[in-house]
Amino acid sequence: MRYILSVVVVLLVIVTSGSVSAQENVVKVDELLRDTLSKVKDTVLLEAVVTYEEEPGTEELKLLESLGLTTKKYSELPIVGVKGTALQLENLLSSPTEALSIYENKGLEYKMKDSRKLIGAESVWKDLGYTGKGTTVAVIDSGIDATHPDLPYGSKVIQNVKMLVGGGIFGEEGLYLENVLNTDTSSGHGTHVAGTIAGLGEASDGLYTGVAPDAKLVGIGTGEGINILWALEGLNYAIKHQEEYGIDIISNSWGTTGEYSADDPINVATKVAHEKGMIVTFAAGNEGPEDNTLNPYSAAPWVISVAAGTKDRQLADFSSRGVPGDELLHPDITAPGVDIVATKSSTGLILNTLGFTTDIQYIEPENLLYYTTSSGTSMATPHVSGVLALMREAAPNLSPAEALDVLQGTADRMSGYDYHEVGAGYMNAYEAVEAVAQPAAVAMNP
């Protein structure tokens with residue numbers, strides 16, 4: 001019996017000044033992949049992803065195919081999926097490839113573990129007049145149940161994509177389906193995230209309205225089990241359809257553990273999105289309270305890393321910490337992430353079951369059908385994504401770097417915590433939106 005393991009491959013080519021000589025490649029390989037390759041037989045099938053500094057050319061693709069590897073290209077990313085035997089991958093490592101580095105395609109995880117008023121979102125609506133109108137947030141997650149009254153397909157969820165269908169990641173067709181009413185078929189995680197960002201609050205008479213209720217959503221459902229290859233497919237979709245749907249923000253409440261590297265395929269992809277003007281948010285992780293537990297995808301300087309705070313403005317014990325004094329390993333901002341009430345998927349068995357006990361404490365009986373509670377940096381991240389939608393409405397040309405600077409500059413400091421634990425502090429939506437809004441626009445929106 002053949003076992004298919006998932007591996008991500010990225011190689012680093014040595015280029016000498018003046019000329020490129022035929023010499024042994026230096027291959028950057030993470031420890032998990034090294035361990036995998038040391039344990040499997042040459043004939044074991046592996047899946048891999050090769051990432052490059054720029055889009056690989058015809059000769060590079062021919063090289064991959066000449067080694068017997070099946071390939072899958074990403075139209076918007078300098079990345080190629082690869083499937084072959086362990087021996088074929090070893091041959092790739094010693095070939096004259098132009099690739100950068102190598103990573104295992106390990107499984108990733110969703111970061112699960114009142115809030116509007118706490119961060120000042122309601123004051124933004126009432127006093128500044130911004131509700132997210134004219135903005136769009138792409139949600140890469142388990143999916144969205146767009147049959148929910150707060151998340152209607154067409155008017156709120158303007159596109160709902162289901163990945164993991166058809167012939168699989170290496171199939172020529174059937175990588176995803178568009179225009180699906182409910183893509184959150186068993187988790188419920190993505191529906192909860194979407195409701196926090198932009199839910200209408202229809203099923204609760206406005207009680208559980210999201211942070212940016214007039215923002216639009218693009219659901220990119222990677223399924224209950226997410227790995228690097230499918231996460232890349234989701235990011236690729238968002239980048240490819242940026243102009244079509246007017247995507248301003250990509251919200252990611254998922255991640256992994258391990259060391260940060262700019263050459264990691266996910267970090268390569270989010271940098272492409274950043275350079276195209278999209279603001280990318282990431283959950284900091286739920287591996288706290290120890291230091292050096294940060295989700296490495298949230299450590300990239302071009303994304304916004306979100307820690308989870310309690311409703312009394314403390315840091316949640318589970319929220320991942322960075323490293324004291326490290327330039328990259330720290331959250332950027334803290335947002336509410338404990339016992340958050342948001343939209344409940346009609347088919348979200350996992351989240352609905354986990355939240356049952358807490359639901360009866362926090363949610364009125366008449367609202368139990370449509371809402372559930374959950375905690376985690378997964379729940380903190382969509383608060384930030386929603387506030388960024390408010391900021392982009394107020395200042396449509398706001399760059400990702402400017403958005404981060406403003407969020408941090410207007411945050412409420414959290415006494416007793418260090419920067420590597422909470423970033424700049426607890427997010428203040430009102431101050432952030434007011435800081436980017438044009439004075440004339442504020443005056444027109446009393």
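Analyst: The lining of the largest pocket divides into eight nonpolar, four polar and seven charged residues. Here Ala, Val, Leu, Ile, Met, Phe, Trp, Tyr, Cys and Pro count as nonpolar, Asp, Glu, Lys and Arg as charged, and the others, Gly among them, as polar. This is a predicted model, in which local features need pLDDT of at least 70 and side-chain atom pairs need pLDDT 80 or more, while totals for chains, interfaces and linings use all residues. Residues are numbered from 1 along each chain as its sequence is written, and side-chain values use heavy atoms, without hydrogens and water.

In total, 19 residues line the pocket. Asp30, Glu31, Tyr103, Gly258 and Glu259 lie nearest its centre. The space inside is about 310 Å³. A pocket is an open set of points on a 1 Å grid over the protein atoms alone, where a 1.4 Å probe fits, with protein on both sides within 12 Å along at least five of seven lines; lining residues have an atom within 4 Å of a point. Points are joined across faces, edges and corners, and the volume is the space filled by probe spheres set on them.

Now turn to helix H7, residues 228–240. Helices are DSSP runs of H or I with at least four residues, strands are runs of E with at least two, and both are numbered from the N terminus. H7 has 13 residues and reaches 18 Å from its first C-alpha to its last, close to the expected 18 Å. That expected span is 1.5 Å times one less than the number of residues. Is H7 enclosed or open? It is largely enclosed by the rest of the structure, because 12 of its 13 residues are buried. Buried means under 20% relative accessible area, exposed over 50%, and partly exposed in between, with a 1.4 Å probe and protein chains only. The buried residues include Trp230, Glu233 and Tyr237. At the start of H7, a side-chain oxygen of asparagine 227 comes within 3.2 Å of the backbone nitrogen of leucine 229.

Next comes threonine 281, in strand S13. Threonine 281 is buried, at 0% relative accessible area. Beyond residues up to four places away in sequence, it touches several residues, among them Ile250, Asn252, Ile304 and Ser385. Contact means heavy atoms within 4.5 Å. The side chains of threonine 281 and serine 385 also make a polar contact at 2.8 Å. A polar contact pairs N or O atoms within 3.5 Å; within protein, one must be able to donate a hydrogen and the other to accept it, and residues adjacent in sequence count only if both atoms are side-chain atoms.

The loop between S13 (279–283) and S14 (304–309) holds proline 289. The peptide bond from glycine 288 to proline 289 is cis, with omega near 10 degrees.

Another loop joins S9 (176–177) to H6 (189–198), and glycine 188 sits there. Glycine 188 is buried, at 2%. Asparagine 179 is partly exposed, at 48%. Aspartate 205, in the loop between H6 and S10 (216–221), has a positive phi of about 55 degrees. At 80%, aspartate 205 counts as exposed.
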